[in-house]
Amino acid sequence: MIGEGRLRSLASGWGLLWVAVVVLVLAPAGCFLAVGVSPRLFGQGSALLTFANLRQAFSGFELEGLRNSLMVGAAAAFGALGIAAGLAWALQRTTVAGKGMWRVLLWAVLLAPSYLVSVGWEELMGKGGLLAAAGIGWTFARHLFFGPAGVAFVLALKGVPFAYFALAPAMAGVGQELGDAARVHGGGRLRVALTVAPVLAPAAFAGLVMVFAESIGDFGVAATIGASSHVPLATYTLYESVSTYPVAFGAAAATGALLVAAVACALGVQWKVTRGRSYAVLGGRTRPVPPRRLGRGAAIAVTAAIGAFYGFALGVPLLGAVGSSLLVPFRPLAFGNLTTAFYRQLLVSGRAGAAVSSVGFSAEMGLVTAVVTVFLGLLVARRSTARGAGVLARAFDLTLLGAVALPGIVFAAGYIFLYDLPVWSRLGIVLYGTTPLLAMAYMANGLPSTSRILMGPMAQVQQSLLDAARVHGARVSSAWRHGVLPLLSQSLLWAALLAFAATFLELPISELLSPPGVTPVSVAILRVLGKANIGEGTALSVIAVGFTVIVIALVQGGFRIFAPKGWRQVGGLK
């Protein structure tokens, strides 16, 4: 018999949360993974149960790709976390100049498609690239870059925003009390750092796992640097499985299942390390740490280090994209060969309406995705970090994070398998080829990352805040609205902006599931580039990225101006 507490839990909305996750994530991902062992269920073969696809994934080209993905994914995760920790310290705990600009540029790093970053670096380091044209050989550096080290390097640069968004809110939430306690007992800077570091463990592990999952699931780097360097990665073997004829969805599903298993192992290590410990430090009396005033030499060094990171992460791809959009094709770099014709074609000519329509549609999808995924992600984070979270909560978290490791193209294939089944037509439900199905896929794609970003800050919220509000007669909704959400306001804002940005330029899901009559901006860019119109394609890319950066800057600026002072102080803004 179900107990009274269990009934209250279901009535409070957890049952609906499970239904939403099943519909958005579990069922489509499960359909995709099921193809690997039971292709007959989806008309992909005659075998009802087979392990041939799994055996194939552990041999030859597929095994090499999986091994390379795990290696470069781990290296990228630790590299990104190290860079993000330094960046978060500089922006949250020091008086370094230009904090607002550095935060906005971090979104630009996130928005830059991985294939664009890779192509920019290839143009710089290749035999016929810019360095070679300038008479700089760097043979050893070239050989090092066009290999696993180069792949891990680019993936680490792309992973820094994920690690930063997980770590920075947690670092801002660590109040001055811990440092004061260490100093009272005679501790120096090292002792203060050792006292604060364990409190950041949930956020640090969340960042590590998120970057690892994003890295082994990335396709842009695998198809550019990885392919040209003859370093096969698992996502590229997946792509070859679904792009060959006949399509080998079973082999792709087997490789995807192994990627999910790899993420599960990483998450298991996180649980092992953080289990049984409390990291709650946010409370009603939390005092923000005053920023450390840097001397002239230290300020120059910190600013130079931050500038170097953005130069590597943004300078090279920006040079390639903007240069291609402003340069007359097949002409040498000279002032007389610069042109704005590609931008005029997009913004002034008769094709302007199509470009505006694509940007508007993707912005609308991004807004819807941001609102829904932040709401669901907050519930997931609360459930996963609650004291005494059970096996189901861990399986819940594992499933969401494992979905990150599935490349978008095969995750979208799961939606095709599930929602194009004849049973839906017999029930009178038409989802395949519609905008709602595309929105559902966007939400499922953004929910894992959103929930992981909110996991660290949510783990720091003390249960006593809600208990105190309830004792004084507040309802649950009022206790959350007035006691918890102000402490998480900056984290929620970052999570929403991340979901918006990731949806706005998402490509694989948009390509496979966009309905007739509408064109997401990423698909529009791909179609233009597919016509060998590099200048117009890169111009549309610059416009799309610029639009998103402006939106993010306006939202953050509005938060700084209109949000209550207490919200801004706890969130790390002064």
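1. Let's start with a word you'll need: a residue counts as buried when its relative accessible area is under 20%. Keep in mind that this is a predicted model. With that in hand, F165 and W494 are both buried.

2. Now for the rings. The structure has 11 aromatic pairs in total. One of them joins W102 and Y310, which are stacked, with 5.4 Å from centre to centre and 10° between the planes. The two partners come from distant parts of the chain: W102 sits in helix α4 (residues 99-111) and Y310 in helix α15 (residues 296-326), 208 residues apart. W102 and Y310 are buried too.

3. Next, two helices. The axes of α3 (residues 60-93) and α11 (residues 201-216) come within 8 Å and cross at roughly 140°, which means α3 is oblique to α11. Their crossing is right-handed.

4. Who does the touching there? On the α3 side, the residues include L70, G73, F78 and L81, and on the α11 side they include L208, V211, F212 and I216. Sorted by class, this contact has 12 nonpolar residues, 3 polar ones and no charged ones.

Methods: Residues numbered from 1 in each chain as written. Predicted model: local features only at pLDDT ≥ 70, side-chain atom pairs only at ≥ 80, totals over all residues. Heavy atoms only, no water. Phe/Tyr/Trp six-rings, centres within 6.5 Å; stacked < 30°, edge-to-face > 60°. Helix = DSSP H or I, 4+ residues; strand = E, 2+ residues; numbered from the N terminus. Buried < 20%, exposed > 50% of the residue type's maximum accessible area, 1.4 Å probe, protein only. Axes fitted to C-alpha atoms, helices over the stretch in contact; angles between N-to-C directions. Parallel < 35°, antiparallel > 145°, perpendicular 65-115°, else oblique. Left-handed = near helix turned anticlockwise from the far one by under 90°. Contact = heavy atoms within 4.5 Å. Nonpolar A, V, L, I, M, F, W, Y, C, P; charged D, E, K, R; others polar.
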